[in-house]
Amino acid sequence: MAITLRAGGRRVGRTRVRESYNKREVLAGYLFIAPWIVGFLIFTVISMSWSLGLSFTHFDLASNSATAAGLDNYKLIFDDPKVLTSLFNTFVYAIMAVPLELAFAMVLALLLNGMVRGSGVFRTIFYLPKMTPHVATASVFLLLLNGNVGAINQFLGFFGINGPQWLTDPHWVRPSIVMMTLWGAAGSMVILLAALQNVPRELYEASEVDGANRWQQFWRITLPMISPAVFFLVIVNTIAALQVFDQAYLLFYRDANGSAPDAALFFGVYLFQQAFQQFNFGLAAAMAWLLFVIILIITLIQMKIGNKLVFYGGGRND
Amino acid sequence: MTDQVTNPIGNPLPGQLPGRLASGVAAAMPEVDRSAESLQARGPSRIVYRIGQIVRWLLMIGFSVLFLYPFAWLIAASLKPRGEVLDNRLVPRTWRLDNYVEVWHQLPLLAWVGNSMLIAVLAATFVTLSSSLVAFGFAYFRFPGRKLLFGLVLASMMLPGAVTLIPNYLIWKTTGWLGTNVPLWGANLFGSAFYIFLMRQFYSGLPRDLFEAARVDGCSYFGLFRRIAFPLAIPSTIIVWIFEFQASWSNFVGPLIYLNLGSPKQFTVPLGINYAMTMYSPTAGGHGDYQYVMVASLVVTIPMMIIFAFGQRYFIEGATTVGIRG
């Protein structure tokens, strides 16, 4: 940190704590970052304020005019059962998807990490789904998950299991989307793998001398040492899960006239429908802000809990 | 060796990142190579170790089948005639290689590929150039408010995309560019927080003396970027380009919002696949020609596989550094 506070090399000789700026350098610096400043003003500052403003209006797209609505849209959020349903579905999905993806990614990473040979090949195989565009994944899974002729139920049939109607049974539509998410677990896997490779081997060697078994090593050494990476993944995966859209839309809401089960109505999908199919920009903006606040609160809670649980190996002295 | 992990981004200094989240990023950075062999060989006994390795291999192969099955299914389905697409056979009963010729007549796939390619190249190129410029601005120059502004860059990374979706649509509406591909790359002219962060990490690692010497020799500020910083950062720049190319190529919700109301010829491949899937579905009066959807799904996937094959290591290290994007 000290380095970044110090002025440029030419002025190091001066014994000043506060740096004095070189006018030309300051100007050049602002010019370099100007694109971001302009973009930030348009696509974040103006955008966010506009969205907030919209949430207090009834917006008419045809005439491009808005009439004041006070808190109507926010009241509507709590009156519209579909908003609450979609919020519930999204939470249920997040509660299933985030831990499962993390656990699955952890298993894969641990297996890869202990491999002597061939880990590169397997890592590549596991990563391929992550490279596949959602729309291709969805078009395949839509047919794989088909309750009557899909490959998944056919496979379950070999074991005498009568597979559920993945795409229509309200109890199974969310797990089917979780399954698609798990197929792409390699994104989290590579992060865990990198963290595992950073754990000093001396720790394992020392613990072996002390007679620790694999199980103990995992809980006492591995997990604490990689906990910052786990924490990071919990936060970003939760944020992603709460915004899930592509998979749910592609599997269930592609057809505007389709009859998708309510259990598949995620917040992101309902927001999209309200905004771009019903053109209820006011309500949609209010929903977007609600989502923003929810994500903010959940992230803050996670950080608060995380800071107690996460082990920051040497170097942190606060 | 694939086990040897290098970090093409350069080592970011954990202390420069804000908050504890950054420690997660820093911890995820690979920096040392490892040799699992020496560790494993010291297990309690050789036999137990051998059995462990065999079980591990079996598990890995099992998971690989799980991960590869949908691809195999997709390829097989793309080679079947209508009516057999859903039969779940990995070797088609009737081979129909014609699908690969016919699909270009059945769907405006060529136009879709062209649109997707154009948008992805523009999006990736613009965001790479603008983010590099901004990143160098933050890394090299000293100006008032630098830390505050960079803090805003980092904060904006956490902003959920859903919140700005609607107003951004309205912003593009006022420009009159709805229905064109401009909204799909326009915002990339202004840099993107993730990439600015990534590139700044790299530029901050360059020795300052290098630039001071060039300044003494009369190099302009822009010259510092164009002649020294940018060429040195080519590997990181390529990562950023590839990442954005992938994001743009795979993007579904963007084209859905900005192009869906136009003519199908203007669609990107993902939007086109969505359109075709609906068109062929019996509920919409189609005849279930899903084999064409499967060919199109392969067409949208293959460029990503090629990119991945060429830049796998950079890709995974990049993914590790950036974390999960969207």
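**Two chains and how they meet**

In this predicted model, 99 residues of chain B are in contact with 98 residues of chain A. Contact here means that the C-beta atoms of two residues, placed from the backbone, lie within 7 Å. By class, the side of chain B that touches chain A holds 61 nonpolar, 27 polar and 11 charged residues. Nonpolar covers Ala, Val, Leu, Ile, Met, Phe, Trp, Tyr, Cys and Pro; charged covers Asp, Glu, Lys and Arg; the others, Gly among them, are polar.

A few conventions apply. Residues are numbered from 1 along each chain as its sequence is written, and chains are lettered from A and ligands numbered from 1 in the order in which they are written. Local features need pLDDT of at least 70, side-chain atom pairs count only at pLDDT 80 or more, and totals for chains, interfaces and linings use all residues.

Take chain B next. It has 14 helices and zero strands. Helices (H or I, at least four residues) and strands (E, at least two) are DSSP runs, numbered from the N terminus. Of the 326 residues in chain B, 43% are buried, meaning that 20 or more other C-beta atoms, placed from the backbone, lie within 10 Å of the residue's own. Among contacts in chain B between residues at least 6 apart in sequence, 71% join residues at least 24 apart.

Chain B is assigned domain 1 (33–100) and domain 2 (105–322), with bounds from an automatic or database domain assignment. The C-alpha centres of domain 1 of chain B and domain 2 of chain B lie 32 Å apart. Their contact takes 11 residues from domain 1 of chain B and 10 residues from domain 2 of chain B. On the domain 1 side, α3 (46–77) and α4 (99–106) of chain B each supply at least two residues. α3(B) gives the most, with three residues.

α3(B) also meets chain A. Its axis and that of helix α5 (residues 119–131) of chain A come within 9 Å and cross at roughly 35 degrees. Axes are lines fitted to C-alpha atoms, for helices over the stretch in contact, and angles run from 0 to 180 degrees between N-to-C directions. From α5(A), the contact includes Phe122(A), Ile125(A) and Phe126(A). From α3(B), it includes Met60(B), Phe67(B) and Phe71(B). By class, the contact of α5(A) with α3(B) has nine nonpolar, one polar and no charged residues.

Terms used
A residue is buried if 20 or more other C-beta atoms lie within 10 Å of its own, exposed if 12 or fewer, and partly exposed in between; C-beta atoms are placed from the backbone.
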